[in-house]
2 protein chains.
Amino acid sequence: MRNAACYALSDWGTSRFRLWLVDGKGHVLAEKRSDDGLDTSRNRGFTQTLEGHLSALGAPADLPVIICGMAGSRQGWVEANYVPVPADLKAILSGAVKIEGIARDVRIIPGLSQSGTSPNVMRGEETQLLGAILDRDLSNGIIAMPGTHSKWVTLKEGRAKSFSTYLTGELYALLASQSILRHSVGDAATSASPDHPQFKAAVELMLSGERMLGELFGIRAAMLLDNLSPEGAASRLSGLLIGAEIAGAKAKSGGKNKVILVASGAMAALYGKALHIADHDFDLVDADEAVRKGLFVAASSIWPAKG
Amino acid sequence: MRNAACYALSDWGTSRFRLWLVDGKGHVLAEKRSDDGLDTSRNRGFTQTLEGHLSALGAPADLPVIICGMAGSRQGWVEANYVPVPADLKAILSGAVKIEGIARDVRIIPGLSQSGTSPNVMRGEETQLLGAILDRDLSNGIIAMPGTHSKWVTLKEGRAKSFSTYLTGELYALLASQSILRHSVGDAATSASPDHPQFKAAVELMLSGERMLGELFGIRAAMLLDNLSPEGAASRLSGLLIGAEIAGAKAKSGGKNKVILVASGAMAALYGKALHIADHDFDLVDADEAVRKGLFVAASSIWPAKG
């Protein structure tokens with residue numbers, strides 16, 4: 001089966017590494033996930049880390065590898081310079097950087113940058129974006145990619161026109177585990193539920209224009225005064241942050257455009273419910289699938305003879 | 001000189017302990033500051049900790065002690081139940097709890113609570129509030145007490161009508177030292193400057209209605225794309241958070257009421273500048289002085305014969 005492999009695809013981020021071997025149609029033949037993010041891999045050597053995982057999957061020595069994510073950052077393996085928006089997404093394909101000095105053909109996809117009054121950058125999400133839109137032949141719309149640093153991209157006539165980043169996931173983790181709210185959320189940080197009444201109430205409050213900064217401490221107070229449960233606290237915190245993100249993104253995009261939500265699992269459920277509360281139409285695209293499709297599209301474009 | 005001491009006043013919080021010996025007019029005769037916050041003191045014993053500091057200042061054995069702050073919380077020495085708003089501030093004086101089973105007369109001032117749809121609590125700030133308003137015979141207005149958990153109180157006809165809490169200081173510390181923004185702020189976390197152009201721009205952006213959550217990552221991007229300096233990053237982060245706090249408080253209080261700003265040092269400078277940018281009149285009251293005055297008012301009311 002391994003002989004049928006055409007490409008190796010990798011999403012290599014700050015804290016995790018994912019690798020797929022795919023055939024000429026993009027079907028997954030083998031998969032590897034590990035915690036070999038940038039910090040671990042820098043110490044061990046990027047080539048060694050990658051070759052180790054490839055060999056564990058039985059990949060041939062001449063299998064080309066395409067990589068997206070923070071591996072292409074200044075702190076990564078080789079810097080792949082940002083492509084500025086507005087950008088034809090195909091430009092990120094031609095901007096892929098080849099790693100020099102190694103036998104295997106390995107390329108890293110560049111991120112997107114936005115200069116001017118709202119400076120912004122992304123790395124990894126541009127590949128998700130490519131996968132999400134090429135697959136459905138989308139030229140206009142809003143693409144939401146929630147996560148540690150949620151990205152919202154405005155797509156116009158097939159080009160990534162502008163984008164915003166919301167620190168939602170990172171702030172949730174910090175607040176739930178390190179702030180005064182840790183006494184309220186406790187071990188329930190992963191138990192935020194889209195079906196908890198606190199989630200809905202919090203999303204609605206944020207959509208009404210209230211400011212999140214003035215509502216966070218209320219979670220602590222509600223625990224002291226009203227015995228708010230840890231699950232309730234987690235759901236409320238999640239609702240405040242996701243609600244603030246959606247309210248911000250709605251304000252920027254000017255309202256009711258259809259959203260392509262690129263997410264999986266618990267994240268998909270929470271954001272889906274919040275978009276529903278915000279009365280926002282959306283289509284769900286699986287995040288894992290989107291990044292893999294984006295990587296495959298990039299690989300087929302760079303090495304078409306192999307496709 | 002110690003013989004002239006009428007009261008010992010203490011502000012006893014989660015992470016710090018402050019003690020003053022004052023005469024019958026409230027003049028400071030001696031002062032002690034230490035890191036003996038709740039956690040340290042709980043292990044060593046609250047009585048032992050307090051008596052140790054009193055004895056270091058040469059306080060007589062029968063000197064009465066009044067305490068405000070988290071020492072009166074459920075996790076503190078003895079719980080002093082919250083007084084609910086709307087509250088006559090004198091109610092916090094009559095609600096002071098006497099510590100039983102010790103020779104010395106020691107009392108702890110209760111906090112304020114707000115139930116209903118915006119649950120909230122404070123401990124320590126109610127005493128600052130008392131000091132700030134009694135001294136200037138204020139009956140109506142907005143009192144802003146910035147800090148780890150900034151409190152904004154609406155005072156009406158001499159009563160604390162309602163209040164809000166903003167997680168500004170805590171969020172600043174978490175974002176500057178633990179989030180992706182630590183790479184931008186670095187060691188400059190204490191170098192946020194009210195005079196840096198980034199501070200003004202950020203405050204103005206938040207007052208314009210923009211959402212803070214969507215602007216935080218821009219600090220990282222501006223470092224990568226525009227070489228934003230650590231001082232610029234700290235000033236921008238501070239401006240975004242303080243700006244969001246003031247925008248939220250303005251929205252709640254309905255606009256242009258005069259503000260009594262209870263703050264000291266760098267905090268006074270940052271909030272003063274932000275209120276100025278927001279075109280908000282304010283009077284500055286020193287935070288240390290306010291809490292000491294509040295404690296003295298409480299002591300004189302509880303033990304009038306000593307005054």
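A polar contact is a pair of N or O atoms within 3.5 Å; within protein, one must be able to donate a hydrogen and the other to accept it, and residues adjacent in sequence count only if both atoms are side-chain atoms. This is a predicted model, where local features need pLDDT of at least 70, side-chain atom pairs count only at pLDDT 80 or more, and totals for chains, interfaces and linings use all residues. Residues are numbered from 1 along each chain as its sequence is written, chains are lettered from A and ligands numbered from 1 in the order in which they are written, and side-chain values use heavy atoms, leaving out hydrogens and water.

**View 1. Here is where chain A meets chain B.** Between the two chains, 13 residue pairs are in polar contact (both at pLDDT 80 or more). There are also 4 salt bridges (a side-chain nitrogen of Lys or Arg within 4 Å of a carboxyl oxygen of Asp or Glu). One joins the side chains of A:E215 and B:K252, at 3.4 Å from N to O.

**View 2. Now for the touching surfaces.** Contact (heavy atoms within 4.5 Å) links 44 residues of chain A with 44 of chain B. Because 100% of chain A's interface residues are also interface residues in chain B, the copies meet through the same surface.

**View 3. Zoom in on B:M212.** Leaving aside residues up to four places away in sequence, B:M212 touches A:M212 and A:L213 from chain A, plus B:L171, B:M206, B:L240, B:L241 and B:A244.

**View 4. Last stop, B:T148.** Its C-alpha lies 20 Å from that of B:P110, 38 residues away in sequence. Again not counting residues up to four places away, B:T148 touches B:Y166, B:L167, B:T168, B:G169 and B:E170.
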